[in-house]
Number of protein chains: 2
Amino acid sequence: MIHPRAQTVGELGERALLARILAILGDGSHARVGPGDDAAVLRVPDGRVVVTTDTLVHGPDFRLAWSSGFDLGFKSAAVNLADVAAMGARPIALFVALALPDATTSGFVEDLARGLRDACSELAPGCAVEGGDLTASDTLTIAVTAIGVLDGLSPVLRSGARPGDVVAVAGELGAAARGLGLLFERFRDGSGNPVPVDVEVLTAAERADLAAQLRPRPPIALGPVAAAAGATALMDVSDGLLLDATRMADASRATIDLDARLDAVDLRGGEGHALLACFPPGVALPEGFRPVGSVRERSGEAVTVGGETVSGHLGWDPHRDWDSGRG
Amino acid sequence: MIHPRAQTVGELGERALLARILAILGDGSHARVGPGDDAAVLRVPDGRVVVTTDTLVHGPDFRLAWSSGFDLGFKSAAVNLADVAAMGARPIALFVALALPDATTSGFVEDLARGLRDACSELAPGCAVEGGDLTASDTLTIAVTAIGVLDGLSPVLRSGARPGDVVAVAGELGAAARGLGLLFERFRDGSGNPVPVDVEVLTAAERADLAAQLRPRPPIALGPVAAAAGATALMDVSDGLLLDATRMADASRATIDLDARLDAVDLRGGEGHALLACFPPGVALPEGFRPVGSVRERSGEAVTVGGETVSGHLGWDPHRDWDSGRG
């Protein structure tokens, strides 16, 4: 007898698969109308809603040899929750469009649903999957839209940094990039194709780095905390501190000078979804934030490190940055 | 010299492609924060927001020989606008996650953006694309999330139909299905593969049916009109009147009896995204709605036609329903 988890999406059909997913996700908490009608209705008491969407695609964004269904559900939730937090908002709902090859197992999709659920309950209590869409596709694709509320606070844009502000970070900078480097360096076969991860061969520090890559845990609750503390600018670090600080500096028409003690991976590593914030001088940094630089009048460059020009590329590319010189 | 429209997404890069898309979409009208920050902020004055998501995937949902970029943009907007209208709500924003093969031409994506824009301006004035996401994928995928507001009205669910109600429809029932039938019957090669449509060979009526399939124009504005007129139940007809009326009847624990004069394609044809509504007896139907049946106490069956049991399958499948007996 075949275990029911071994059934494929194609064999099971959309209706039965949806029932299994909904059994895992449970009842949405904020929706007046839950899944099953044409749309969900959410309460947003202060009359403003924050909306963002981000997609993970098999191939460019993940490899199934490296990521479990749970990992993918967790990460696809986390990166969208981070974009809501990066406005100073509190996430209340996710909407998930899943495009699945027929050969995908039901067990994989159920694990993905658990990852979505657990990311919400761990990173953004009160947030839940309130709706979605299932379609067939040759390419596994997870498109998530996250909805947030501001609870009366003003949204914090990336354009508000002012000379004299303290630049601060909450969350991990280099860990996710080190984790990706581990995957590229240690878990590929002779042809360069990904092979499953054996965590037994990893040190505790390496496991933590891998977890930061596969199941990032951005400090979602600190988004509204930064807004309430008077942050002048806020964004999440998705492409590396240097590159994202450049975006913030350009949007704010200022120069951001970063601490010279930050190492190369902390400066260039992406995907950690730490929160990058600016606070007016004299504001006590909220717990969880650490200073990493300061805002100056715009000089020629958007970003400097220890007052010095940054040479070379700003972002992180594991193909280029990690593998070069290692064959 | 190669025309700039011939550039591919892979050659152009995400940033340049996004600039072209944003130039077509223009400024969002409802967003306090437009595209470019981590998320959009929308005003929803009555403290409730309606959210729905629906995806079009190359292969199962469309063929590039039959649909232009404009068609796909228009349709992906229309089907999501219809789900918002089907709650009795007014759409205010779309968020669009595009997953594009590198070989997609920039011109195709720009046409898609025009289709999104024109569907909003034609079907839901005031609604605009307020954000989105671009990723690379082997499979062209358009995941749209639509956001709506209720303007103080109560959302109209599919579960509120009561015995004695008049069942009414606004919008086209069979046209989109006839259009799909035309594509399957007239625009495939000897191997059954789709070939480009030559509209010159079609009659005016056939062109209208084809347009209903490729660029559906659901009566979005009639959703809030139905809600204001006291509709007890509301949904859009995406899988055929018989099947969707069954869903409404089941959700309402009632039986819906449909008019025996409806023809087979009107009863079973899907994808038209007409609005299916129930109104209390004695309510004057809002302009644009026509009666198609009545709600009765639940008998054994969810749906009857002219009081009679419906035999055979309820939904529309062009492979089965249109091609059978035609080779």
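1. Two strands count as paired if DSSP finds at least two bridges between them. The model discussed here is predicted. Strands of a sheet pair through backbone hydrogen bonds, either parallel or antiparallel.

2. The chain–chain contact takes 47 residues from chain A and 47 residues from chain B. On the side of chain A that touches chain B, at least two residues each come from strands E2 (40–43), E3 (48–57), E5 (128–136), E6 (141–149) and E8 (233–237), and likewise from H3 and E4. The element that gives the most to this side is E3(A), with 9 residues. Sorted by class, the side of chain A that touches chain B holds 24 nonpolar, 12 polar and 11 charged residues.

3. How are the two chains related?

4. On domains, the assignment for chain A gives domain 1 as 11–149 and domain 2 as 166–322. Taken over C-alpha atoms, the centres of these two domains of chain A are 25 Å apart. Their contact involves 20 residues from domain 1 of chain A and 22 residues from domain 2 of chain A. On the domain 1 side, helix H3 (69–85) and strand E4 (90–100) of chain A each supply at least two residues. H3(A) gives the most to that side, with 9 residues. The side of domain 1 of chain A that touches domain 2 of chain A has 13 nonpolar, 2 polar and 5 charged residues. H3 and E4 of chain A should be read together with point 2, where they also supply residues to the side that touches chain B.

5. Chain A has an open sheet of 7 strands with mixed pairing, in the order E8-E10-E7-E11-E9-E12-E13. Its edge strands are E8 and E13 (308–309) of chain A, each of which pairs on one side only. Within the sheet, E7 (residues 166–170) and E10 (residues 274–279) of chain A run antiparallel and are joined by 5 bridges. The bridge partner of A:Val166 in E10(A) is A:Phe279. Helix H8 of chain A, residues 241–252, packs on this sheet and touches E8, E9 (254–258), E10 and E12 (303–305) of chain A. The direction of H8(A) makes about 150° with that of E9(A).

6. For chain B, the order of the 7 strands in the open sheet is E8-E10-E7-E11-E9-E12-E13, and the pairing is mixed. E8 (233–237) and E13 (308–309) of chain B stand at the edges with a single partner strand each, so one side of each is left without a neighbour in the sheet. E7 (residues 166–170) and E10 (residues 274–279) of chain B run antiparallel, joined by 5 bridges. Here B:Ala168 has B:Ala277 as its bridge partner in E10(B). Helix H8 (residues 241–252) of chain B packs on the sheet, and its direction makes about 150° with that of E9(B).

7. Helices H5 (residues 175–186) and H6 (residues 204–214) of chain A pack with their axes 7 Å apart, at an angle of about 100°. That makes H5(A) roughly perpendicular to H6(A). Residues in the contact include A:Leu180, A:Leu182 and A:Leu183 from H5(A), and A:Leu210, A:Ala212 and A:Leu214 from H6(A). By class, the contact of H5(A) with H6(A) divides into 9 nonpolar, 2 polar and 3 charged residues. Among the charged residues that take part are A:Arg178 in H5(A) and A:Glu206 and A:Asp209 in H6(A).

8. In chain B, helices H5 (residues 175–186) and H6 (residues 204–214) pack at about 100°, with axes 7 Å apart. H5(B) is thus roughly perpendicular to H6(B). The contact of H5(B) with H6(B) has 9 nonpolar, 2 polar and 3 charged residues.

How values were computed. Residues are numbered from 1 along each chain as its sequence is written. Chains are lettered from A and ligands numbered from 1 in the order in which they are written. This is a predicted model: local features need pLDDT of at least 70, side-chain atom pairs count only at pLDDT 80 or more; totals for chains, interfaces and linings use all residues. Domain bounds come from an automatic or database domain assignment. Two residues are in contact if their C-beta atoms, placed from the backbone, lie within 7 Å. Helices (H or I, at least four residues) and strands (E, at least two) are DSSP runs, numbered from the N terminus. Axes are lines fitted to C-alpha atoms, for helices over the stretch in contact, and angles run from 0 to 180 degrees between N-to-C directions. Angles under 35 degrees count as roughly parallel, over 145 as roughly antiparallel, 65 to 115 as roughly perpendicular and the rest as oblique.
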